[in-house]
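Please look through the sequence and the model below.

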Amino acid sequence: MPWLVWLAVALLALTAAVVAVGGRTRVAVGRLWWVALSGAGLAWLLGLGALPRHGGRLWQWHPVRPLPWPHGVWRLHAVTWPWVMAVLTLTLAALVLEALREPREPARAPTGWALLLLVGALGAPMALAFSPLTLVAGWTLVDVAAAWADMRCLHRAKHLQTVAWVAFGRALTWLLAATAAVIWASSPATATTLWLIAILTRWMLAGYSPGVETEATHGWRLVLAAEELLSTLMAVLWLTAQPLATPSSPWALGVVALFALWGALRWWGLRSSLRRVAASGWALGSLALLAALQQDPHAALAWALLAFAPAVGLALLSWRSRGAWWFAAALLFPLTLWPFTPGAAAAALWQPPWRAWHLAAALTLLIAGMALFRHFWAKPQRKTPLPRERRAFAFWGWGLWAAAFWAARLWPAWHPPQPWAPQWWLPGGLAVVVAGGLTWRFARSPWRLRYVGVVFGRGWLTPWFWRLYRLAAQGLNFFSLLLEGEGGVLWAWVLLIMLLALLFR
């Protein structure tokens with residue numbers, strides 16, 4: 001019953017409105033939290049009831065006049081349904097863990113819960129997007145929401161300027177993806193390249209976004225960061241469903257592998273939970289893109305799951321404790337890619353024959369695992385035990401996310417069609433050993449900080465972005481002055497006639 005997903009979205013939005021109005025009318029905060037939790041729980045049950053037994057199209061927009069690009073499609077099937085459940089589970093788990101917080105201003109808590117429910121309602125349709133038009137629409141919504149959140153949390157001029165150029169770069173990815181959708185039928189190779197550039201650009205911009213720099217992030221902001229990552233991962237998974245005209249060149253695979261390694265090295269030095277979630281997409285999401293370029297949907301799905309679940313789950317943690325150790329182990333162990341783990345199908349990335357970029361991919365996985373463990377180890381250790389009620393809420397929230405992560409192993413879409421082959425592990429295991437040796441040797445080198453800071457830092461990259469931003473601003477200013485002059489009306493008519501000539505050509 002696909003309509004249950006839309007009913008869950010409507011329920012989340014309605015509950016958010018009720019909680020927001022209740023917060024304005026000074027209803028007891030505890031009662032509003034239970035209302036928000038009940039709405040999220042019912043939405044989760046509705047999403048579970050929408051289990052696609054036979055597959056099918058959820059909703060499709062039919063244009064009056066045929067368009068040169070694919071129309072809007074939201075599809076509920078074996079690939080998209082687990083991501084809908086991931087969004088609903090994250091919304092519910094974040095609300096459960098809100099019981100552990102001690103807000104300094106309790107009057108503002110209902111507003112945060114309403115935003116959390118509203119962002120959760122935004123993410124469910126985004127997980128169902130399965131066409132370029134719906135994917136770009138999802139990018140637009142989540143980018144506008146992220147820019148609003150950054151401007152709401154940051155007030156310095158330097159940070160606001162960074163928000164501006166990040167938003168400008170994300171808008172360029174909309175144009176790249178839309179252009180790729182238009183020319184996909186006539187020039188699939190060029191369209192694939194544009195789609196690839198748009199995905200990589202989004203991951204890089206998410207890694208450089210100012211975001212929130214503190215560990216004490218709000219639940220709604222974490223869900224929004226997770227949906228930013230999810231929106232780009234869905235574009236990768238859509239690419240696996242498209243037949244590529246020509247096999248990807250070794251140069252393209254090598255560039256993506258080096259990009260993933262760059263993201264992993266950036267990940268290692270980050271301290272903010274939201275930046276780490278973005279870096280997870282940059283590093284492990286790029287490995288999903290490698291699997292998509294090799295036309296391996298099962299490996300791409302497994303890498304997308306590894307890029308999403310562990311980083312987001314560790315961001316839900318607020319401290320280290322005995323129970324948190326078990327939760328962290330449940331999130332980090334699938335990175336070993338053992339056959340009984342949810343990420344087992346990801347080992348197919350190292351299929352023979354041996355390629356040079358296999359080493360970069362193995363090094364990316366190794367550094368990502370160490371960065372995730374460092375993320376957990378950086379959590380403060382709780383000195384005083386929690387009350388029994390709060391401890392129950394903590395185990396409920398953490399256990400819900402860990403159970404959803406491991407339940408993916410039981411879903412048929414994560415099972416590769418061929419049985420687990422040991423030859424996948426021979427090049428991959430060798431690459432991991434060599435990568436581990438290089439990492440150990442590099443860690444003992446005295447000049448590592450100097451050169452890593454020069455190559456992977458923002459010292460050389462940020463000025464180039466600012467130059468492009470200023471160049472675009474100067475062009476817009478010149479165009480504005482041109483139209484405001486005495487010949488502005490004439491120039492406007494000329495541009496309008498040229499546009500009509502292009503449309504009716």
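Arg-170 is buried, since its relative accessible area is 5%; buried means under 20% relative accessible area, exposed over 50% and partly exposed in between, with a 1.4 Å probe and protein chains only. Arg-170 sits in helix α6, residues 157–182. Helices (H or I, at least four residues) are DSSP runs numbered from the N terminus. Not counting residues up to four places away in sequence, Arg-170 touches Asp-143, Ala-146, Arg-202, Leu-205, Ala-206, Ser-209 and Glu-228. Contact means heavy atoms within 4.5 Å.

This is a predicted model, in which local features need pLDDT of at least 70, side-chain atom pairs count only at pLDDT 80 or more, and totals for chains, interfaces and linings use all residues. Residues are numbered from 1 along each chain as its sequence is written, and side-chain values use heavy atoms, with hydrogens and water left out.

The largest nonpolar core has 160 residues, and the members that touch the most others are Trp-83, Trp-195, Trp-203, Trp-303 and Phe-308. A nonpolar core is a set of buried Ala, Val, Leu, Ile, Met, Phe, Trp, Tyr and Cys residues joined through side-chain atoms within 4.5 Å. Leaving aside neighbours within four places in sequence, Phe-308 contacts Trp-83, Ala-86, Ala-226, Leu-229, Leu-230, Leu-233 and Trp-401.

Phe-308 also takes part in a helix pair, as one of the α11 residues that meet α8. Two packed helices are described by the angle between their axes and the distance between the axes. The axes of α8 (residues 219–240) and α11 (residues 297–315) come within 10 Å and cross at roughly 175 degrees. That makes α8 roughly antiparallel to α11, a term for angles over 145 degrees, while those under 35 count as roughly parallel. The contact of α8 with α11 has 14 nonpolar residues, 1 polar and no charged.

A second pair is α12 (residues 322–332) with α14 (residues 388–407), whose axes come within 10 Å and cross at roughly 15 degrees. Therefore α12 is roughly parallel to α14. From α12, Gly-323, Ala-324, Phe-327, Ala-330 and Leu-331 meet Phe-395, Trp-398, Trp-401, Ala-402, Phe-405 and Trp-406 of α14. These contact residues divide into 10 nonpolar, 1 polar and no charged.

Which residues in α12 are buried? They are Gly-323, Ala-324, Phe-327, Ala-328, Ala-330, Leu-331 and Leu-332. The buried residues of α12 pack against α11, α13 (357–377) and α14.

Note on methods
Axes are lines fitted to C-alpha atoms, for helices over the stretch in contact, and angles run from 0 to 180 degrees between N-to-C directions. Helices (H or I, at least four residues) and strands (E, at least two) are DSSP runs, numbered from the N terminus. Angles under 35 degrees count as roughly parallel, over 145 as roughly antiparallel, 65 to 115 as roughly perpendicular and the rest as oblique. Ala, Val, Leu, Ile, Met, Phe, Trp, Tyr, Cys and Pro count as nonpolar, Asp, Glu, Lys and Arg as charged, and the others, Gly among them, as polar.
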